[in-house]
Amino acid sequence: MRIANSYIGQPIERTEDLRFLRGRGTYVADINRPRQLTAVILRSSIAHGRLNGIDASRALQLPGVHRILTAKDFDTEIPRIALRLQPLSDLEPFHQPMIADQKVRYVGEPVAVVVAETAAIAEDALDYIAVDIEPLPVFVSREQADAALLFEQHGTNCAITWKALRGDADAAFKMAEYVRRERFKVQRHAAMFMEPRGFVADWDGQKLTVWGAAKTAWYNRRLLAASLRLPIEAVDLVEVDVGGGFGSRGEFYPEDYLIPAAAKVIGRPVKWNEDRREHMIAANHAREVECEVEIAATRHGRVLGLRGQIWSDVGAYVRTNGSVGPRNVAQYMSGPYAIENIELTSSMLLTNKTPTGTYRGPGRFETDFIRERMLDLVAKDLNIDPLELRRRNLVADRQMPYPLASITPYDSSTELDSGDYHAVFDRCLAEFDWKTKEQFSGRLIDGYYHGLAVGSFIEGGAAGPKEQARLVLEPDGTLSVYLGSSSVGQGLETIMAQIAADATEVPYEKIRVLHGSTSHVKEGYGSYHSRATVMGGSAILLAAEKLKQSIKASAAKRLGCAAEEVVLDGEQARGGNRSIAFAELIEVPIEIEAEFFNNKQTWAYGTHAAHVAVDPGTGHVKVLDYMAVEDVGRTINPATLHGQAIGSIVQGLGGAFLEHLVYDENGQLLTGSFADYLLPTASDFPKIRSLTVDLKPCPNNPLGAKGGGEGGIIPIGGIMANAVADALKHLNVQPMELPLSPPRVWALVEAAKAQLAS
Amino acid sequence: MKLPAFDYASPASLEEAVALLASRSGSAKIISGGQSLVPMLAFRLAAPELLVDLKRLQGLNRIVIADDGVRLGAKVRWCEIDRDAMLQGAHPLLVEAVRHVAHYQIRNRGTVGGSLAHADPAAEMPGIAITCEAELTIIGPQGQRVDKASDFFTGSLTTSLASDEILTEIKLPPWPAGRRWAFLEFARRRGDFAMAGVALFYELVDDKIADIHIGAIGVGDRPLRLRAVEAVLNGQTLDDRAIEAAAAAVRESVDPPSDIYAPAEYRRALLATLLARALRQSETGR
Amino acid sequence: MKVEFELNGTRVGADVEARTTLADCIRDQLKQTGTHLACEHGVCGACTVLMNGQAVRSCLILAVQAQGERVVTVEGLSRDESLTPLQAAFRKHHALQCGFCTPGFITTAHALLTEEPEADEERIRDVLSGNLCRCTGYVPIIQAVLEARSAYAHKGNEE
């Protein structure tokens, strides 16, 4: 399949920008329907209890309040949110009901829906609703040893334990010359996209239209239709402009049902805008992991095995993709390193906290922190240079495809597809100028201790069965591209237009891309796991090829030549000695559909290096320089990919230093606003550099591309912790937990000083 | 996070404003910059029946530099302090502290009086008020009174202001040219509330520290004057030994709370570190 | 309550409650939805508008407090026929992805560069630290604002 590259690979400026820069984007909060009412959700303020009753009579008397819906108004049996990924029947008991049903299990669980003339009135009404909850003991930490059961029938708060296996870990550990065991912790934090969620739902008696879809509209539509007992064709989910997702927005939440259901019950359009305080307890949390892991190696630093136990605090229910992070922590701990013997268990612990789901690089951020810290500890113990240790263990190109650990149950295996990990490692060190910066390691300059670290990672992408594209070529030469992939701000419209332009040879300016809504293609899957470029782009390529064949066949008939002789040239087709304009050739629009099916994950990979300076008096860590290099196989738009990389890195730095969702022993979220949940700002991390290369194309899709866009975040926790350890090596400070907040770094310094003094 | 309902009034005189406050027996609040009040309303942490806007009141936004000191009207906004060409020389400690307040957009609306009346224990303006022994002028139904800063701040987010009183002005004592001073705070990010902060100034008499004033923010339920530390430093030459003795005295004299941001021992140690650094910074003289 | 003020050069009026914020008034009553709400408690900056030329958080201002003032939103800083130099710089440097925080950055940067066309990188970062972005990591935003300075160099007080 020939692809004429004039747009692919170009940093084309984005079409989306023209409306975003002018404040003319249409986000769901900007959508209004005639006669609409506004919904506000009453949420449990108690983390665990029996829901005995709700008395909304006083609230209903407030002027402007229309209805207050509770469980009984929605259905006799409240539907539950089914798992979209790894839907094991073992996990069914932990599916979240669309509204609290008999029990509440976390602060923030929906209890009632207030529908009123305005959001302000609906919020006023909340204070007048009496909710009778009989409190139960609260379970928020593994140390409490099942103090209270969230699901009494289940007998334990451990929902399931996954196992990642490769080779024979026991044998490897038995014969290893060196073994080290450590405990690590990563803190609960979250995607925290800027546009809070929202829906506008309109039921006209036969058709339900819902604005505010994102990410996985087709799955959500199926689940919503089934939950409302409607045929799928009666439900349409419309994606408008979306303000960020990062793996969290777009999954099916209770509100995805409650708002459309309210519209259907009431018979008027209902609008809901999440506010930030609500977002903090309602949208998926992520990343809360602790583990006890051991590493086995030869005395020359060849890593032989990984073994251990991981616990993920997944909150009160298992939501649509709640298993992904816990599985990934175990399955991908080896990362880009050739580690042949792996036995890791990964338990999902149910607690009275907000449920968790995927957040950019789910499980990978956590597992890379664990692994990269281990590697530096090994290097120190064995007196091997940390760079050399990594070189000795990185998977080599000739070892590809390289199988990773398999995970069970809901078995999945995968293998690294292609890559020159050593070349990218060296490239990163060169760009970072490790040779010059090395001298700063451990030095005290102007009151700051300087430290360096390097780490490598893999980034899986393009998972999920298939994607659809539909191309419509108009007689005037305009090409509409309808795509199942959804936009969360990643520049989809531009990237897909670039691919379509090159594949169809239709001029870029005559292409428009429509995405994410269920009316666009019959069966789409959406955007998640960095799949849009590979899956959506490949579907476009297949559709484009079919479209060209179709045009050539038509032209051949009219021009009286063989189809193979026809050449498409801008707005006309030429064959033999004649030509015909599209406008003449195409009387009615030509519509072509195609599906791209992929059963192999792609594996982008890279190396990052960092230079930090630590103030031992305050515990503050300055990031003086950060260099990221990633190979994505084939770059479609270097500008948007670079943007993703920088954004991803800064998110990772937020996770390494600033962000923390803190709960108290009563299951109350203490960090419930942007004043307490600290996001990186423009002054925090000024020096970030990123470079993407197209070194080793992916052999498994026609584009040769590997999913990219999450990679930047993955290695950051480990690299930052290693850099801090390097800076404070004179004290032998060894961080084992994130975040590296100033008080924690200070405490490590003080503890280390006390240790040395004794 | 829509605001709860309230009535709104925009009186034309202070007397009218006071009368409006008095009329609601404690359930009326003043709004001026609104940068502290409106977020509280958004979280429904406060539900006043009436907001009395100081918008139309004249004469409360003057900056006056005179022989008897620096006067700031309660409605003076942070951006106005930034832009006042004379203030940098007239009271460099004030200007430096104010540089740390919040962010650009908030500085265009937030007021001196609002910050003082809100009395966040980590806020810069209350810290300056305590350190400099400011006087605060307050108007109420009984007329005008003047409070010393040390009497004004009575607890976390609490002041001596009655519900029908309005703070109108803060007066800082005169600032002699050439005085040694420093202001240092440590916050998680630029513009965040300080985890701890210190403001200090002193004279040099025969090369020895005299009449030192040290104030601390973020380490108690109100801004604190560290008199025990001042006692250690007065009469001393500013050298390493004196600085270490002062840092040790800091650790003895504060009892910060533990909270989700930091344990008490961190804040204690942080304040000692900041004091030592502030003293070193003050040596260069500005 | 009735409030009247100037919005993007036109006199407008709205019927609001005392508790209606300027942000909600602009979005809901006056139908200018370019100003966005991402936190409603004065931290994120997405709601930034210009009031009498100064960047302010419209979620922290009551609509009634805007009585008689001059308000400019991102729409008022835009042209149909082309992007302004500030907007073009943002586009060129890929300083936006999802676009939700963008109006707040445009208004804030415009206010800053109008007052301080010589602002250096440190000053720009300092001022923009009051606006949150989750997508870009800020690096390209700073580059865009640095580049846009030349367009403001001789402009004086244009809105």
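Reply: Before counting, one definition: a salt bridge is a side-chain nitrogen of Lys or Arg within 4 Å of a carboxyl oxygen of Asp or Glu. Bear in mind that this is a predicted model.

Me: OK. How many salt bridges are there between chain A and chain B?
Reply: The count is three. In one of them A:D124 pairs with B:R44, with the closest N and O atoms 2.8 Å apart.

Me: And how many residue pairs are in polar contact there?
Reply: 10 residue pairs, both partners at pLDDT 80 or more. On the chain A side, α4 (119-126), α8 (276-282), α17 (638-658) and α19 (742-757) each give two or more residues. α4(A) gives the most, with four residues.

Me: What area is buried between chain A and chain B?
Reply: About 2100 Å², with carbon and sulfur atoms giving 60%. In chain A, the residues losing the most area to chain B are A:R277, A:P743 and A:W746, together 24% of what that side buries.

Me: Switching to chain C. How many residues does the contact take from chain A and from chain C?
Reply: 52 from chain A and 44 from chain C. The two chains bury about 3900 Å² between them. A:L21, A:R22 and A:M194 lose the most area on the chain A side, together 20% of what it buries.

Me: How many salt bridges between chain A and chain C?
Reply: Five. They include C:R134 with A:E659, closest N and O atoms 2.8 Å apart.

Me: Which helix gives the largest share of the side of chain A that touches chain C?
Reply: α17(A), with eight residues. By class, that side has 28 nonpolar, 13 polar and 11 charged residues.

How values were computed
Residues are numbered from 1 along each chain as its sequence is written. Chains are lettered from A and ligands numbered from 1 in the order in which they are written. This is a predicted model: local features need pLDDT of at least 70, side-chain atom pairs count only at pLDDT 80 or more; totals for chains, interfaces and linings use all residues. Side-chain values use heavy atoms; hydrogens and water are left out. Buried area is the accessible area (1.4 Å probe) that two parts lose on being put together, summed over both. A polar contact is a pair of N or O atoms within 3.5 Å; within protein, one must be able to donate a hydrogen and the other to accept it, and residues adjacent in sequence count only if both atoms are side-chain atoms. Contact means heavy atoms within 4.5 Å. Ala, Val, Leu, Ile, Met, Phe, Trp, Tyr, Cys and Pro count as nonpolar, Asp, Glu, Lys and Arg as charged, and the others, Gly among them, as polar.
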